[in-house]
Every structure is written in structure tokens, then in C-alpha cells.
Amino acid sequence: MNKAYATSVESSRIAHSIGTALDRFIKINQDQFPYASGELSQLLRDIALASKVVNREVNKAGLIDIMGAAGSANLTGDEQQKLDVLANIRFSRALTKGGEACAIISEESETFLDLKNQGKYVIAIDPLDGSSNIDVNVSIGTIFSVYRRKTPVGTPISQEDIMQKGSEQVAAGYVLYGSSTMLVLTTGYGVHGFTYEASLGEYFLSHPEMRIPDDGKIYSINEGLCDTFEPSLRAYLRHCHSNEYTARYVGSLVADFHRNLLKGGIYIYPATRKSPQGKLRLMFECNALAFLVEQAGGKASDGHRRVLDILPTELHQRTPFFVGSRNMVEVAEAFIREEAAEPLPSENY
Ligand code: FDP
């Protein structure tokens, strides 16, 4: 081959490796996975596959709305479904067919689904988080946690299998359907981000060993609810203002979390007058993100204690959530502890 030609090919995009596909990554790292028997790997593949289908639906959301608005049915005659219900069906179907999950708990369902099979894993999933953003073309996400069942395979699923602390997760992740689609994953050995290459139908490792900066300048909270926050939290927000932090709030948890993971920052959904326990669900949203952030070097708290140490008593339990850069979460916690010393909010706002 002509040397000049070889050099030009070398420096062109063709010469660059496409990178590590998710499947390959899972295979290479399988021995690092807890209970490395291959089942967890298969489970993660099932989740990735369902997320590709949901990604396709999300990208068609506008078209689905148009068809829905006309009150029409789709080509196969099915009634159009809301995207979050659709996502729930996609993930439940993939996990059921895959056979590695024995039970699914979903933000979309009242109770858990016992799959009555030989599977060893319990999945908690919020199939489509940020639903108020679906209709307006803003990033949304899927959040999932994976637990090992506690009772013997072959017996009915019990409360013990379902109501596990976040610290017992063996894997967790989220998919962000945004300007690009990403799957961010931990199995307890760091956090790795994969970007979806639609033309190849594959996730590729794009963000290995993700670490959240110890400090940041971004705070993410629905500040419109400020008058209903505890005085201590309002004091923390004044701290953010006086330090000229940047306010960023998409209102889609996965998108806000992802940005802060990359840039450093804190996301807060606190207790409010309307939601005294906060709005977010411990088992479907907070535990997975808490596991991820800790694996990336950050922190997740309910203002007083580590989120992963909370023993759930109800499936749809809510918790206040402070998550992000370690130092920022610790400063926020310090403000919460000083609650009694704070002046009344009306004097300051
Ligand atoms: P949504 O209600 O749109 O589903 O957990 C749900 C969630 O979104 C989060 O994704 C988001 O961060 C939060 O609620 C937004 O709540 P507010 O509108 O109260 O800020």
C-alpha cells in the first residue's frame, strides 16, 4: 500500500476502533460481577435490549401523540398507549422472557409481579421517569435496581425478597433518552457509561470509570416550591445564592443526575408541604442513583442518613433525596442539622 494513502487512512475515522460494545464489556468483566455465573450478565443484556425498544418509541413520541390525538389505533389495531405504560410493558416483557428475574417491582404497578420461575434476581424499575417531560421533547430516563432474591429458588417470592435495602443491590443503572441515548451502569466495580449507536443498534463504552467531582457549582431543585421547604433547606439555598452557584433543573431526575455526575453538583428533592416525605420513590428512583453516585465517589442522603441504609417498609415509599458531589451533599446535611438555629423564612424571602 502507498505510504501516503496508508497514513491518510490511519488518521481518518476508519482507522479508529469503534470501541467496546456493551455485550463485550459484560463478557470481559463477568468475573467482576457478584455471583459471576452469567445470569446477571444476561439480565443486563435483557434490560439493554428493552431500552433500545423504548428508545425507538421515545423517538417516535411526537408521531404517537399525533396519532393518539386523532383517536386512532395503530396499524395492528391496538389502541395507542401512553409512553410510560408502553415502557413498562417493554421492560416487563423482556425481563419475563429472559428468565433471570424472578420478580419485578415497577413504579407503574401497585404490587410486585411474581414470575414463578427459576430466576435469582429481583428487579425494581421506573420504566420511564420524568413523565411530565415526555410531551415536550425533553430528556427522560429509565432507572433500575437489581437485587438477589433471598428465599430459595422454586418457592414463592416473599416480602424478604422485595423489601431489601439499597445497600443490597448487586447492580443498578439508568438509561437517559436525551440528545444521545446513554446507559450508565454499576455492578459495584465503578460506574461505566455506554452511548447508543443507533445505526449499529449497540451501546458502546464511551465513559469508562465515571467519577463525580468532589465539589461543584450546580444546584438542582424545584425552587418554585421554596416557601414550602424547611427553614434549614432555605438557609442552604441562600448559601448557594451567596456563592453564586448555578441553578439547573430539568425536572427529569435522570437528566439532572447525569449532568451533575459529569460536571459536579447537587440534586435535591426535599420534604415539601405537599409531600412531607419528598416526592421521589426510594425503591424505584433513589436507591439506584444512590448506588451509582457512591460508586462514582459521590454521596446520597435523605438529609440525615445514607439512602442505601434505609430499610423500606412500603413498596412505593418516598424519601427526601440529596445526591451528588460528596462535599456539596455534606454541606447541605450540615445545614439540615443546624435547623433550629435558622431565622424564619418569611424574614428572608
Ligand atoms: P415526573 O413527575 O415528571 O415523573 O420522579 C418524578 C419526577 O418527574 C422526576 O423525574 C423529577 O425530577 C421530579 O419528579 C420533578 O418534580 P417537580 O415537578 O415537583 O419538580
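Contact here means heavy atoms within 4.5 Å. Axes are lines fitted to C-alpha atoms, for helices over the stretch in contact, and angles run from 0 to 180 degrees between N-to-C directions. Helices (H or I, at least four residues) and strands (E, at least two) are DSSP runs, numbered from the N terminus. The model is predicted, so local features need pLDDT of at least 70 and side-chain atom pairs count only at pLDDT 80 or more, while totals for chains, interfaces and linings use all residues. Residues are numbered from 1 along each chain as its sequence is written, and side-chain values use heavy atoms, with hydrogens and water left out.

Now for the sheet. Its 8 strands form an open sheet with mixed pairing, in the order E2-E1-E3-E4-E5-E6-E7-E8. At the edges sit strand E2 (113-114) and strand E8 (202-207), each pairing on one side only. Two strands count as paired if DSSP finds at least two bridges between them. Strand E5 (residues 169-177) has 9 of its 9 residues buried (under 20% relative accessible area, with exposed over 50% and partly exposed in between; 1.4 Å probe, protein chains only), so the strand is largely enclosed by the rest of the structure. Strand E4 (residues 140-148) pairs with E5 in the antiparallel sense over 8 bridges, and here Tyr-147 stands opposite Gln-169 in E5. Strand E6 (residues 181-186) also runs antiparallel to E5, joined to E5 by 6 bridges, with Thr-181 in E6 as the bridge partner of Tyr-177. A hairpin through 3 residues takes E5 into E6.

Two helices lie over these strands. Helix H5 (residues 83-98) lies across strand E1 (101-106), strand E3 (121-129), E4 and E5, at about 155° to E3. Helix H9 (residues 282-295) lies across E1, E3, E4, E5, E6 and E7, at about 100° to E5.

What about aromatic rings? Rings of Phe, Tyr and Trp (its six-membered ring) pair if their centres lie within 6.5 Å; planes under 30 degrees apart count as stacked, over 60 as edge-to-face and the rest as tilted. Searching the whole structure turns up 5 aromatic pairs. In one of them, Tyr-174 and Phe-257 have ring centres 5.7 Å apart and planes at 85°, so the pair is edge-to-face. Tyr-174 belongs to E5 and Phe-257 to helix H8 (residues 253-263), so the pair ties together parts that are 83 residues apart in sequence. Both Tyr-174 and Phe-257 are buried.
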